[in-house]
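Subject: Structure handover

Hello,

Here is the structure we talked about. Please open it alongside this note.

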Amino acid sequence: MNPPAAADSKLIAPVQGSVIAVEVQAGQQVAAGAVLLLLESMKMEVPLQAPWPAQVLTVDAAVGEVVAEGQPLLRLRRLAAAPVAAEAPAPEAATGPRADLQRVLDRRALLADAARPEAMARRHATGLRSARENLADLLDDGSFTELGAFAVAAQRSRRSLEDLQRQTPADGLVCGTGTVQGRPVAVLAYDYTVLAGTQGVNNHAKSDRLLDVAARQRLTVVWFAEGGGGRPGDVDWPGVAGLHTGTFARFAALSGVVPRIGVVAGRCFAGNAALLGCCDVIVAVRGASIGMGGPAMIEGGGLGVVEPDAVGPLAVQAPNGVVDVVVDDEAAAVRVTQALLSLLTQPLAPAGAPGAEPASLREAMPANRNALYEPRRVLEAVADAGTLLELRAAFGVGLITALARLQGRAVALVASNPRHLGGALDAPACDKLARFMQLADAFGLPLVSFIDSPGFMVGPESEKTAMVRHASRLFVNAAALRVPVAAVVLRRGYGLGAMGLAGGSFHAPVAIAAWPSGEFGGMGLEGAVKLGFRKELEAAPEAEREALFQRLLQQAIERGQALNMASHGEIDEVIDPAETRAWLQRVLSAACAAPLPPRRPFIDTW
């Protein structure tokens, strides 16, 4: 069979550019794929290759010539067979990653905790974990994408780059995105082994970058906040005080937009504490010290010498309401954080069994109307087992606030605590509930209130706490709620305090029920009898006065009983205590069907 006839073809420039190399000359035979000529276009090298075995007839361009796209550069004649080429030398065996990759691998190795064994040993000797250990425990395996890992402290003008890379990895802030039980989150962890976890120029830039991502993508934020505040040693920037830094405003702007959980162990001062205080929920490890200024700032202000652990210990910061949950170690803090993320970001989950037998609630309330009982027992029997998470337990102790699931639905639970002031609402309890309402409302958690209260705390000492303003916070916050409220009066539902616990009015809840033990009045019944029947009591002989008081009180109790209250339509239902969980589940299933209106503007930090 005869070979095909020879055909001449022109090869044209595929792009506009400059000729930087001509690899062939006229008369030369080339194999298919051989590079004939090399162009440079926009700093990229573009080879012109032989499309088939060919003989070069002419070369119509020279090195240095600027050619236009489509301009003929060579003329070729196609050959029937490829020319015989010299045997190519065998490629040398690869000896490892190329140099640029090896530099990256070497640099990345410096980020690992193992690269600083002495620092890790000191850290572990305190009983605490590294930033990377905490994030590894929190996040799903393989889900972490780190941002800004190669940053170092802004101190190149005073320290060598090699020293900064070894001693200030990630500029003391490990941050990025990942998932927790499949839910996307943004995570930030100050590294106390790097310059005491202080906030530097570059790690502020990193946090700003990640907070912008969190705002755009609506990512929940978890921040391990331990650290010493601002870092005066960063000198590689042209500013003076850095008060234009945007981190605090960016983080604050996420209030009410996404859940923000702060975790703290060890010492957390100044700027680190300010960020922690912006969080919606704060989880603290025993031994933590939290303050708006550390020992150096305190001493510098002429306020004396203070040990770091004495600045703001949890013995102060838990009872005063700064901290929501206190745990024994960082592992427990991570477990609580994971539970919070589930409750605040996943409204529905598979229904669980109750934490106690519902029928046990029939025995929860003492027959003696003045006897104490444990309200947490009620919450445990209503909530799904293992989901009850109490917040601010040591603050505002006349009121219990907790997150939980009820038949799989995330809910916010409130309960009067008659073990403190008989369940009266003092100023701390009012603040606790007002802020808890905001938290529930921001994240779409229906509010369930268990009421047993004589009302607001009264008296000269109470008024010294600005009780008028604190009490009114409940009504103002309740009036702005988007989420449904369901209420159960366990025993005493007296006066304005009971109204505040019910969302501002007994008809503010989507449904309000009482246990058979419920009793109601515009104020405490004993006080109502003494005030309302003062003349009759004063007129009665002293020997008969107590008997008259008891008869009048019994009449008031009968009039204020739950069944009589329901018969007048002031409450919706009187239920068997054993039916409390089932009744609430039915109420919330209907009440939570409609979508919520637009979000509230922010959650008060207090």
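Which helix gives the most to the lining of the second largest cavity? It is α12, with 4 residues. Helices (H or I, at least four residues) are DSSP runs, numbered from the N terminus, as are strands (E, at least two).

This is a predicted model: local features need pLDDT of at least 70, side-chain atom pairs count only at pLDDT 80 or more, and totals for chains, interfaces and linings use all residues. Residues are numbered from 1 along each chain as its sequence is written, and side-chain values use heavy atoms, with hydrogens and water left out.

Cavities

A cavity is a set of points on a 1 Å grid over the protein atoms alone where a 1.4 Å probe fits but cannot get out; lining residues have an atom within 4 Å of a point. The second largest cavity has a volume of about 40 Å³. Its lining includes L391, K432, R435 and F436. The largest cavity holds about 130 Å³ of space. It is lined by 18 residues. R123, N134, F224, E226 and E330 lie nearest its centre.

Core

Regards

Methods. On a 1 Å grid over the protein atoms alone, a cavity is a set of points where a 1.4 Å probe fits but cannot get out, and a pocket is an open set with protein on both sides within 12 Å along at least five of seven lines; lining residues have an atom within 4 Å of a point. Grid points are joined across faces, edges and corners, and a volume is the space filled by probe spheres set on the points.
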